[in-house]
Amino acid sequence: MIRVIIWNENVHERTNPEVARIYPNGIHGALAEGLKRNDWKICTATLEEPEHGLTEDTLNDTDVLIWWGHMAHGQVMDEIVNRVHHRVLQGMGLIVLHSAHVSKIFRKLMGRPATSNGEKRTSENASGSSILRIRSLLVLASISSWSAKRCMAKIMIFRRLMSWCSSAGLKAVKCFEADVLTTAVRARFFTSVLVMRRVRPTITKRYFRSSRTPWSGLLRNMGQGQFTATRSRLRKSRQRSSVNGTIGRGPLLRFFSTGGRKDINEEEPYMRSVVIVSSIFDRTWPYAADHFHSLWRAQGEVGFIRLEEGDSRPAGEIIANSDTVTRLVLLCVPVTLKCLQSLSALKEGAFSAKYAHNLTAECEEYLKQKGVKVYGHPSEGFWGQSVSEFALALTICGLRRIPQTHHEIITSHAPWKFSPPKEDNRPVVRGEQFSDDYRFTNGTVAGKRVRIVGAGNIASRYASFVHMLGADVAAWDPFASEPCFHRSGARKEYHLEELVKDADIFVPMVPLTESTTRLVTAELINSLPSGCLVVLSTRAKICDTEALYERVFRDEISLAADVFDVEPLPLAHPLLGRHNVVHTPHNAGRTTHANQQWAELLAKQFEPQGERKFLQ
């Protein structure tokens, strides 16, 4: 999800009837309408709003800010300019349109005094040479007649833009008819500031096609460096390059990449971090890659590439200038030995499939010999909290029949008059607000004998929850250390056969491996006391499900399950809709929190990177 804010002065639309007629919703509204995308969140802000509509919370939640300026530059508060400036330095993309090249924010980013129109500059300000601290500067001098209603560039220019995207490691959009502003927003992932201005078509063609201009070299090498320059030095470099015909890695680019310092080793490569994520990974962990990106972006420059559906290219065909990459994260992206050999500067990496790494033995050996640190998840603790909380919810739902009564009251008033089945010495009339089915374990967690198979990331958390609620907790896990038991409030049971004998609530909570398949045998299941509630939230096949279901069908025990031996369950499956079964579609672990934990537990293993220091 790309989060975009379109900012507009909105002065002429309110004061000029002709402009208001053309743009009834304002220029910002016309731009917002033209940029509509399913995967974009687009908001607008205007000058007259409090804080110009650019509060700190709003900017912190923004990936790209589009700034339309005309004549009211001086009315923008300096506090807001500083706020936007700070976010751009943090990595927010900025696209300035129309006359915004003389706006306060753009002047500040260019190291010039942020003065309003008509304000006289002092000689000291006029000679200011503050360093431009944005990632890179791309001037799109490509539009002969600019209109907010028709933000369309010529096909030739758009192809140029696609070429630059590719050279910077960004997958170019395969749609020549797309408007250039849309592409510019997407380009925010490798560019901080884009300038769009009117120029004559003849100048456009000459300026961009000529290899003698410094911009051609700069644009071809975008994404490789943290470009810094002063405007005065930029003009001088441009003049020199035009005379000398310097292109590519000429004096201008070296000047940009070194901040103008001549005493820096010009051969030293720019080191960068790259994250590539495939659609296969996104389907399983839809929020993890973006959160990982945000964690790294807080540390400095990051190249982030999201592949389209069906793109199965190996990493070596995706990464431009791979010899400059020092940190690499591939999420369900194929990697070969040839790819790794091209990553000559690589120091750290993570090569993740959906749950494990996707490196071959040959690649692992190569990385080991090169001294590259390879990280992964040592356990599945990233969803431990999500699954354990869900298991607690299943437990309470199984005890109190919450899903059953929720469903029943939609079509009947009978649940309001619930009466337990008649037995000797029991009332036949429903008690006040009573809902328990006394044939099965019911009521509160407090006082129940909870017996857990496992004491790992999920089981220990669950044990601590029910212990806190007043349950008597015992757990069996021959591989867990002593702290796993006493820190969760569970008593250690040494024999699995003893664990099941007195269980009010029985909870198998171990991962499914070859050794844990059918760990809970039919004999153990048949040893469970009558009325026991069984809670399944990790994997069903750790139990003999045939024996388990048979007891459920005979109303001997109740079941609260998020996992099953066959998924999805057939709609005609006899478990569905039973009075003694709570069922959910295997979604205990997939929360936004679990996605974030996945990213954080991986990101914290990498060496911390401080914010890049800019040389003056």
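The model is a predicted one, in which local features need pLDDT of at least 70 and side-chain atom pairs count only at pLDDT 80 or more, while totals for chains, interfaces and linings use all residues. Residues are numbered from 1 along each chain as its sequence is written, and side-chain values use heavy atoms, with hydrogens and water left out.

The protein contains 25 helices and 18 strands; these are DSSP runs numbered from the N terminus, with helices (H or I) of at least four residues and strands (E) of at least two. Of its 616 residues, 51% are buried, where buried means under 20% relative accessible area, exposed means over 50%, and partly exposed lies in between (1.4 Å probe, protein chains only).

Helix pairs come next. Two packed helices are described by the angle between their axes and the distance between the axes. Axes are lines fitted to C-alpha atoms, for helices over the stretch in contact, and angles run from 0 to 180 degrees between N-to-C directions. Helix α18 (residues 384-400) packs against helix α20 (residues 457-468) at about 45°, with the axes 8 Å apart. The two helices are therefore oblique to each other, given that angles under 35 degrees count as roughly parallel, over 145 as roughly antiparallel, 65 to 115 as roughly perpendicular and the rest as oblique. On the α18 side, the contact includes Val387, Ala391 and Leu392, and α20 brings residues including Ile458, Tyr462 and Phe465. By type, the contact residues of α18 with α20 are seven nonpolar, five polar and two charged. Here Ala, Val, Leu, Ile, Met, Phe, Trp, Tyr, Cys and Pro count as nonpolar, Asp, Glu, Lys and Arg as charged, and the others, Gly among them, as polar.

The second pair is α15 (residues 288-297) with α25 (residues 592-603), whose axes come within 8 Å and cross at roughly 45°. That makes α15 oblique to α25, and the crossing is right-handed. Ala288, His291, Phe292 and Leu295 of α15 meet residues of α25, among them Trp598, Ala599 and Leu602. This contact of α15 with α25 has seven nonpolar, three polar and one charged residue. Helix α15 is mostly covered, with seven of its 10 residues buried, including His291, Phe292 and Trp296.

Two loop residues complete the picture. Serine 103 sits in the loop between β4 (93-98) and α6 (104-109) and is buried, with a relative accessible area of 2%. Its side chain reaches the backbone oxygen of alanine 100 at 2.6 Å. Beyond neighbours within four places in sequence, serine 103 is in contact with Trp67 and His73.

Histidine 579 lies in the loop between β17 (558-561) and β18 (581-583) and is partly exposed, at 31% relative accessible area. Its side chain joins that of aspartate 555 in a polar contact of 3.2 Å; such a contact is a pair of N or O atoms within 3.5 Å, where, within protein, one must be able to donate a hydrogen and the other to accept it, and residues adjacent in sequence count only if both atoms are side-chain atoms. The C-alpha atoms of histidine 579 and threonine 405 are separated by 9.6 Å, although these residues are 174 apart along the chain.

Notes: Contact = heavy atoms within 4.5 Å. Left-handed = near helix turned anticlockwise from the far one by under 90°.
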